[in-house]
Amino acid sequence: MGTGDPYGMSISHALASGMGGIRTSGDLVARMQMTRKMRLPEAKKYVADKLGVGVQDLADSTVMRRLREELDIGVVTAVPGARRGIEAKRTIAELLDVDVPCLKRL
Amino acid sequence: MSTIRTRMGDGYVVELTPPQLRDDLEAGCADAVKRGKVPPLEVNEIDWLFDLFANPSRIMGVEPGHEVVLTKDGSVNTLYSAQLSSGVGLPLGREQCFRIFERAFCFDTMEIGHPDYSYKPVKPIVALEATGVEQALLTAVIPVFYGAMPNFGLYAQPDGPFPNPADLLPRGEVEAAREAQMQMAQACKDDMLYVSRQMAMVGADGINFDTTASTGDAEFLAVLETVEELAATTDLAIEVGMAAEFVLGFHGELEWRGHRLAGMWPHQQVKVVEEAGAHLFGPVVNTNSRKSVPWNVARAVTIVKECSRVASIPIHANVGMGVGGVPMFEVPPADVLTRASAAMVEIGRVDGL
């Protein structure tokens with residue numbers, strides 16, 4: 001992205017163009033870019049197919065908030081008992097069939 | 001005739017008439033074509049940019065469904081660091097900042113980095129840095145990068161052990177300057193490999209080489225050789241973000257696998273970066289503070305569009321202060337920042353920012 005104050009740079013880009021991270025499915029699409037070098041359309045389609053949703057749903061917080069809790073892959077709000085951190089990543093690795101390097105330490 | 005409120009490349013407001021706006025967009029595109037030797041934008045793309053800047057709304061964004069993945073160079077420093085990182089000096093630790101980026105800013109990935117943000121000073125404290133990465137890995141769901149700059153200048157006297165090429169070149173000692181750069185490249189590569197392997201050992205998802213080639217072709221060579229080795233021996237996702245739009249030829253004669261590095265533009269840089277084995281590439285197009293933001297955005301997306309077209313790996317364009325059409329100002333105005341953001345996605349066809 002680049003340098004700048006958090007409001008002017010990070011938050012502004014997130015609102016204008018960002019996928020939404022764990023609020024939606026941005027972390028999942030990022031993992032496909034990072035592990036398989038997938039370009040964006042391919043990465044989105046792969047994740048959408050694995051989640052059983054449409055590509056348009058991937059950045060829709062209404063759809064993804066509920067689906068993430070149902071799949072127990074980490075949700076943005078603090079839900080007691082929901083999988084967190086490395087717990088959620090183990091489920092993500094199985095769901096997407098990708099390697100998550102830190103899981104190899106378990 | 002009504003005017004359109006936009007900004008100059010230094011952030012100050014400027015009023016343009018509609019014909020002036022179109023002229024600036026076409027001139028920015030033409031400059032990219034001339035200097036970068038890339039194809040021009042299509043007429044409908046210039047029209048799209050015109051509508052983007054003519055729209056009076058305070059902020060703009062991409063079409064729903066066109067959202068892209070965010071990676072963040074400079075790491076979480078922007079929250080806890082000082083002005084050197086455009087930081088706002090919050091009294092928070094790095095791991096807390098990481099969680100804020102994940103849960104409050106909803107970033108798709110995030111970095112841990114040292115406040116100095118260079119590989120050389122990280123080397124003696126790498127255990128501390130690796131511990132920070134481990135803490136983030138335990139508690140975060142989003143992918144965790146470690147990031148820093150090669151920062152080649154730290155290897156030349158008086159900051160480093162090698163003769164300073166910038167002192168040797170004015171004296172006409174070209175061969176000595178080249179030899180010094182090769183020694184610096186080896187030391188820089190050793191440091192980047194050492195730190196990266198520690199991050200791989202603790203399970204980091206990725207490593208970021210930010211502001212690559214800031215000191216020219218020898219620094220670019222050091223990064224390419226580092227990437228090559230890491231891609232072959234670790235699970236790290238490797239991101240290479242550039243420092244400027246073309247590679248300076250401080251050495252001038254360096255090649256990597258038969259490719260001359262000096263003078264490369266983003267659409268050429270990405271091909272050697274992907275051949276080395278990197279997973280993500282961050283092209284840079286410098287902002288001209290004496291031109292308008294529409295001129296700069298049109299120029300930037302023209303260059304990045306060609307980079308994205310030829311790439312086989314994801315492109316995460318740099319759109320920070322002073323690059324990608326964004327004004328050269330540490331507090332970038334959201335009106336032009338969001339327009340540069342949307343243009344880079346919709347016309348530059350990037351996979352991320």
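**Ground rules.** I worked from a predicted model, where local features need pLDDT of at least 70, side-chain atom pairs count only at pLDDT 80 or more, and totals for chains, interfaces and linings use all residues. Residues are numbered from 1 along each chain as its sequence is written, chains are lettered from A in the order in which they are written, and side-chain values use heavy atoms, with hydrogens and water left out.

**Interface.** I looked up the contact (heavy atoms within 4.5 Å) and found 75 residues from chain B and 54 residues from chain A. The two chains bury about 4800 Å² between them, 57% of it on carbon and sulfur atoms; this is the accessible area (1.4 Å probe) lost on being put together, summed over both. On the chain B side, B:E67, B:R103 and B:V141 lose the most area to chain A, together 14% of what that side buries.

**Salt bridges.** I counted 4 between chain B and chain A, taking a side-chain nitrogen of Lys or Arg within 4 Å of a carboxyl oxygen of Asp or Glu. A:R31 and B:D205 meet in a salt bridge at 3.1 Å, N to O.

**Cavities.** The structure holds 2 cavities of 30 Å³ or more, volume being the space filled by probe spheres set on the points, which are joined across faces, edges and corners. The largest cavity has about 80 Å³ of space; among its 15 lining residues, A:M1, B:T71, B:D73, B:N208 and B:E239 are the closest to its centre. The second largest cavity, about 40 Å³, has B:R103 in its lining, along with chain A residues including A:V75 and A:R84.

Methods. 1 Å grid on protein atoms, 1.4 Å probe; cavity = no way out; pocket = protein on both sides within 12 Å on 5 of 7 lines; lining within 4 Å.
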